[in-house]
Amino acid sequence: MVRSVADAGSRLVAERDNYTYTQRFRFVEFKGSRPAGHYEEVRDITFTGTGERLERHRRKPIMRLQRMRLTEEDFRDLRDVNPFVLTRETLRFYKVGYKGIEQVDGLDCHVLAVRPRQILYGQRFFDGLLWVGVEHGQVVRAGGRPVPQLHRIKDSNLFPAFMTDYGPIDGKHWFPIRTEGDDILPFPTGNQRVRVLIEYSDYKKFSAESTVTFSDTPPEAGPASEAAPAP
């Protein structure tokens, strides 16, 4: 069954690469029980007329974090881990165990425990559970944490647990639609609560005959890669 899930994941990734969509990302830091700062961005994932895939900020990101900084690893997780899909290409990096059957929003799902076989330098991995629809064999939910967690004295870089829900697009492909996380990160100087929300919307299939229209607003670069400091 694991190989069939990975096969379905490879087909999904190949198909998703033919879709444009909008990705909204909000990251909130807390001081006690109150929000202390936040980061927000909206990206349109589109294509040029020749089919080249682009990520473009719709507007300048809002950067109002007071206690933390987002890092290169955070943005890699945004692309590759939070919308996790197990594929033929990535299966060799993971140990997969069967946990039984549970229901997700009324759907019977196989539950798979997915853990990296080993942590490789410079690589980002998923560690958690996948819920795979019994009827169609596609992932409908993924819950876990990005790894490795980088515990260091001066520049610890920790990542919150999350849950991603997937929904049917065009009646057949289950693409990520929403990721949420609310977690307490144990930095060396104290615990830091954070909240993450990622929304994926406006999926549209691209074809060579399609015309992609850009706004007049120039693309904005994301924040520079910095180690996330402890609060």
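## Cavities and aromatic contacts

Helix α2 makes the greatest contribution to the lining of the largest cavity, with 3 residues. The model is predicted, so local features need pLDDT of at least 70 and side-chain atom pairs count only at pLDDT 80 or more, while totals for chains, interfaces and linings use all residues. Residues are numbered from 1 along each chain as its sequence is written, and side-chain values use heavy atoms, with hydrogens and water left out.

Helices (H or I, at least four residues) and strands (E, at least two) are DSSP runs, numbered from the N terminus. A cavity is a set of points, on a 1 Å grid over the protein atoms alone, where a 1.4 Å probe fits but cannot get out; lining residues have an atom within 4 Å of a point. The structure holds 3 cavities of 30 Å³ or more, volume being the space filled by probe spheres set on the points, with grid points joined across faces, edges and corners.

The largest cavity has a volume of about 120 Å³. Its lining comprises 13 residues, and Asp74, Asp77, Asn82, Pro160 and Val196 are the ones nearest its centre. At least two lining residues come from each of β1 (19–31), α2 (72–80) and β11 (190–205). By class, the lining of this cavity has 10 nonpolar, 1 polar and 2 charged residues; Ala, Val, Leu, Ile, Met, Phe, Trp, Tyr, Cys and Pro count as nonpolar, Asp, Glu, Lys and Arg as charged, and the others, Gly among them, as polar.

The second largest cavity holds about 50 Å³ of space. Val5, Ala8, Gly9, Leu12, Val85, Leu86, Gly137, Gln138 and Val139 line it, with helix α1 (residues 2–16) supplying the largest share, 4 residues. Here the division is 6 nonpolar, 3 polar and no charged.

The aromatic side chains come next. There are 13 aromatic pairs in the structure, where rings of Phe, Tyr and Trp (its six-membered ring) pair if their centres lie within 6.5 Å, and planes under 30 degrees apart count as stacked, over 60 as edge-to-face and the rest as tilted. Tyrosine 94 and phenylalanine 125 form an edge-to-face pair, at 6.0 Å centre to centre and 80° between the planes. This pair joins distant parts of the chain, 31 residues apart: tyrosine 94 is in strand β5 (residues 94–104) and phenylalanine 125 in strand β7 (residues 125–133). Ring pairs also connect Phe84, Phe93, Tyr94, Phe125, Phe126 and Phe162 into a cluster.

Conventions: On a 1 Å grid over the protein atoms alone, a cavity is a set of points where a 1.4 Å probe fits but cannot get out, and a pocket is an open set with protein on both sides within 12 Å along at least five of seven lines; lining residues have an atom within 4 Å of a point.
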